[in-house]
Amino acid sequence: MGKRETEKEKAFKELFEASYEKLYYASILIVNDEDEARNIVDDTFAALWEKFDPLTQTYNNSYLYTIVQHRSLDFLKRQKVRELYARNYRMTYSDIAEDFDNDDERLKTIETVMSKMTRQTRFAIDQCYMEGKKYAEVAEMMGITRDGVKKHIMKGLKLMREAFDRKRKK
């Protein structure tokens with residue numbers, strides 16, 4: 001069994017060394033972000049390692065490129081959704097800013113809403129908007145998925161919008 005494992009590792013290393021750079025540059029062309037391209041290719045190889053068996057499967061460049069291409073396009077889709085939420089947040093915030101006469105009242109409302117959020121939602125909002133961290137970083141810190149962080153952000157922003165809508169209607 002030890003020898004089989006060594007053959008698997010050797011074959012995987014050869015595939016990795018032969019393909020990594022090409023896949024990395026292919027991903028950069030799609031996502032236009034070096035760090036994300038590196039993450040995408042790293043994640044691709046990590047997932048590939050889980051089911052890698054050089055004796056029963058052939059891994060060619062087009063197969064690997066297709067996986068990286070799909071993961072890169074998925075990243076762009078998620079990025080567009082994040083940008084939409086961020087734009088919505090900025091629009092909501094600017095609307096709110098116009099409706100209040102002083103910063104103290106706004107801050108008090110934000111603090112009140114934040115205090116009513118769950119611990120996880122408050123942490124996600126704080127890390128993403130106050131600390132400027134990416135969803136992936138916050139997900140790792142919280143031990144949840146990026147989608148989990150996104151759900152907490154959406155929940156928190158909804159609570160903020162509702163609170164400020166109530167203030168405006170008064």
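Colleague: Let me start in helix α7 (residues 146-169): what separates K150 and D147 along that helix?

Modeller: K150 and D147 are 3 residues apart in helix α7, so about one helical turn lies between them. An α-helix has 3.6 residues a turn, so residues three or four places apart point the same way. Please keep in mind that this is a predicted model.

Colleague: And what makes the contact of K150 and D147 a salt bridge?

Modeller: The nitrogen-to-oxygen distance between their side chains is 4.0 Å. The rule asks for a Lys or Arg nitrogen within 4 Å of an Asp or Glu carboxyl oxygen, and the pair of K150 and D147 is counted as a salt bridge.

Colleague: Why is D147 called partly exposed?

Modeller: Its relative accessibility is 42%. Buried would need a value under 20% and exposed a value over 50%, so D147, at 42%, counts as partly exposed.

Colleague: How many salt bridges does a search of the whole structure find?

Modeller: The search finds 3 salt bridges. Another one joins the side chains of K158 and E162, at 3.8 Å from N to O. K158 and E162 both lie in helix α7, 4 residues apart, which is about one turn of the helix. K158 has a relative accessible area of 47% and E162 has 32%. With exposed set at over 50% and buried at under 20%, K158 is therefore partly exposed, and so is E162.

Colleague: What about R38 and D35: how do you know that their side chains meet in a salt bridge?

Modeller: Their N to O distance is 3.6 Å, and the cut-off is 4 Å, so R38 and D35 qualify. R38 and D35 are 3 residues apart in helix α2 (residues 34-51), about one helical turn. R38 is partly exposed, at 34% relative accessible area, and D35 is partly exposed too, at 46%.

Colleague: Let us turn to the rings. How many aromatic pairs are there by the rule?

Modeller: The count comes to 9 aromatic pairs. One of them is F16 with F45, with 4.9 Å between the ring centres and 65° between the planes. That pair links distant parts of the chain, since F16 is in helix α1 (residues 2-31) and F45 in helix α2, 29 residues apart.

Colleague: What does the stacked pair of Y20 and Y24 look like?

Modeller: The centres of Y20 and Y24 lie 6.4 Å apart, with 10° between the planes. The rule wants centres within 6.5 Å and, for stacking, planes under 30 degrees apart, so the rings of Y20 and Y24 pair and are stacked. Being 4 residues apart in helix α1, Y20 and Y24 are separated by about one helical turn.

Colleague: Are Y20 and F16 buried or partly exposed?

Modeller: The cut-off for buried is under 20%. Y20, at 17% relative accessibility, counts as buried, and so does Y24, at 9%. F45 is buried as well, with a relative accessible area of 4%, whereas F16, at 31%, counts as partly exposed.

Colleague: Which residues do the ring pairs link into a cluster?

Modeller: The cluster holds F12, F16, Y20, Y24, Y25, F45, W49 and F52. W49 also has the charged end of K8 over its ring, 4.4 Å from the ring centre.

Colleague: Where is T121, and why is it called buried?

Modeller: T121 is in helix α5 (residues 119-130). Its relative accessible area is 0%, and buried means under 20%, so T121 is buried. T121 touches H152, K155 and G156, leaving aside residues up to four places away in sequence. The buried residues of α5 are T121, A124, I125, Q127 and C128.

Colleague: How do you know that the reach of α5 is close to the expected one?

Modeller: α5 has 12 residues and reaches 15 Å from its first C-alpha to its last, against the 16 Å expected at 1.5 Å a residue. Just after α5, G132 takes a positive phi of about 75°.

Colleague: And how many helices and strands are in the protein?

Modeller: There are 7 helices and 0 strands. Buried residues make up 32% of the 170 residues.

Technical notes: Residues numbered from 1 in each chain as written. Predicted model: local features only at pLDDT ≥ 70, side-chain atom pairs only at ≥ 80, totals over all residues. Heavy atoms only, no water. Helix = DSSP H or I, 4+ residues; strand = E, 2+ residues; numbered from the N terminus. Buried < 20%, exposed > 50% of the residue type's maximum accessible area, 1.4 Å probe, protein only. Contact = heavy atoms within 4.5 Å. Phe/Tyr/Trp six-rings, centres within 6.5 Å; stacked < 30°, edge-to-face > 60°. Lys NZ or Arg CZ within 6 Å of the ring centre and 35° of its normal. Expected span 1.5 Å × (residues − 1).
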